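Please look over the structure below.

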Amino acid sequence: MTYFIHRAAYVDVLSGTTEVQDVLVRDGMVEAMGPTLVCPEDAQVIQAEGMYLTAGWIDSHVHLANGVSADAMLRQGVTWVQEAGSTGPVNFAQFYETVIKPSKINIRSYLYLAPWGIEPEHELQDLSLVDLDAWEQVYRQYAQVIRGVKLRIDPRVCYEPLKALAMAREAADRVGVPVVVHASRCGESMEDILSMLQAGDIFAHIYAKKLPGLLDESGRVKACVWDAQRRGVKFELAHGNGNFSYAVAREAFRQGFFCDAISTDIHERSLGRVKSLAMTMGKAMACGMELTAVLRKVTAEPAAMLGLQEKQITVQPGKPADLVLFRVEDTPLTLPDSDGEPMVCPRQFVPCLTMLGRACYPGEQSDSLS
């Protein structure tokens with residue numbers, strides 16, 4: 001199949017430039033790109049004037065257990081997702097065979113430190129159950145898809161947070177992957193937690209209005225957070241059901257502290273509130289992040305954070321199709337953050353068409369494009 005995308009506003013997230021371009025896609029490959037291409041007679045024309053074009057988006061924090069469909073996200077502009085460690089050494093193989101392997105979307109995953117992954121009854125309450133040798137064995141078997149060791153040091157599921165973090169550090173260092181930590185509600189200080197993270201490690205849910213807290217008592221971004229960012233620690237939005245506060249994000253953005261990746265933390269309980277990566281991007285823009293920065297934080301920056309060398313972050317001739325056409329509409333919506341606080345978000349990202357290889361996925365709210 002041949003597609004001719006006519007007059008899209010292509011945003012190069014690396015240079016920050018935006019130019020009107022035609023794009024010719026044939027048999028799943030980007031064949032040509034330029035301001036005035038000749039449309040082949042056999043092409044299906046996609047009239048894209050008034051739409052933006054970028055590489056397909058990355059949602060760097062999702063949970064695909066319990067009925068959340070990654071492939072449904074293809075209609076929302078997302079072509080790659082990072083499964084945020086729902087499973088551990090005992091059940092990862094089954095998860096790989098039943099979820100990762102058959103999916104159309106590209107999936108990479110974390111491997112949870114605890115044997116069974118995220119599960120409310122045990123998880124990391126009893127650290128004697130953690131088997132680092134078993135963790136390493138499963139990692140090495142599935143190294144092509146596993147991108148880090150995940151743990152939650154939330155007191156609801158972990159009673160010895162710094163000890164658990166030290167165990168995750170050992171697992172990560174054995175195989176050379178990052179530690180990915182959910183620290184929301186943890187009573188340990190941000191200083192102590194970040195002191196155990198190294199360049200490339202990932203701190204999720206950075207804008208949560210919960211302990212250990214991004215902001216100090218005077219509302220300033222904590223000095224240890226700035227120091228960790230300078231050392232190369234990565235920070236992720238990861239909205240979720242209880243981990244994104246407009247008030248925290250607005251103040252952090254005002255001070256110039258921005259996350260490295262915008263992500264949803266979609267799971268069965270957060271899906272109704274979070275809805276999509278596009279909606280989360282709109283919330284970030286409403287808090288003060290500029291458009292091009294938002295687009296970098298769903299393309300180039302999470303690709304670097306996750307080591308996705310095979311992920312296209314720009315649209316280039318000679319490369320497989322991996323792109324999204326979308327509108328940015330001036331449609332004010334009053335949307336809640338994770339704490340239920342409402343805010344008017346004046347502009348919305350509306351995916352119109354996603355291409356991944358030979359497949360095309362119309363956006364959930366798109367009109368006819370041809």
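Buried means under 20% relative accessible area, exposed means over 50%, and partly exposed lies in between (1.4 Å probe, protein chains only). By that scale, E31 is partly exposed at 41% relative accessibility. This is a predicted model: local features need pLDDT of at least 70, side-chain atom pairs count only at pLDDT 80 or more, and totals for chains, interfaces and linings use all residues. Residues are numbered from 1 along each chain as its sequence is written, and side-chain values use heavy atoms, with hydrogens and water left out.

**Salt bridges**

A salt bridge is a side-chain nitrogen of Lys or Arg within 4 Å of a carboxyl oxygen of Asp or Glu. The structure holds 23 of these salt bridges. Among them are the following pairs.

| Salt bridge | N to O distance |
|---|---|
| R26 and E31 | 2.8 Å |
| R156 and D154 | 2.7 Å |
| K311 and D322 | 3.0 Å |

The pair K311 and D322 links distant parts of the chain, 11 residues apart. K311 sits in the loop between α10 (300-306) and β13 (322-329), and D322 in strand β13. Helices (H or I, at least four residues) and strands (E, at least two) are DSSP runs, numbered from the N terminus. Both K311 and D322 are buried. R26 is partly exposed, at 25% relative accessible area. R156 is partly exposed at 47%, while D154 is buried at 0%. A network of salt bridges links D133, E136, R140, E170 and R174.

**Helix α2**

Which residues of helix α2 (residues 132-141) are buried? They are L132, W135, E136, V138 and Y139. Seen down the axis of α2, the buried residues fall within an arc of 165 degrees (taken from the directions from the helix axis to the C-beta atoms), so they line one face of the helix. On the other side of α2, D133, Q137 and Q141 are exposed. The buried residues of α2 pack against α1 (92-100), β8 (106-112), β9 (146-152) and α3. At the start of α2, a side-chain oxygen of D131 comes within 3.1 Å of the backbone nitrogen of D133.

**Nonpolar cores**

A nonpolar core is a set of buried Ala, Val, Leu, Ile, Met, Phe, Trp, Tyr and Cys residues joined through side-chain atoms within 4.5 Å. The largest has 98 residues, and Y207 and F349 have the most contacts inside it. Helix α3 (residues 161-175) gives the largest share of this core, 7 residues. Contact means heavy atoms within 4.5 Å. Beyond its neighbours within four places in sequence, F349 is in contact with residues including W57, M281, L295 and F326. Another core, of 19 residues, lies apart from the largest one; Y3, A8, L325 and L353 are among its members.

Definitions and conventions: Polar contact = N/O pair within 3.5 Å; in protein donor to acceptor, adjacent residues only side chain to side chain.
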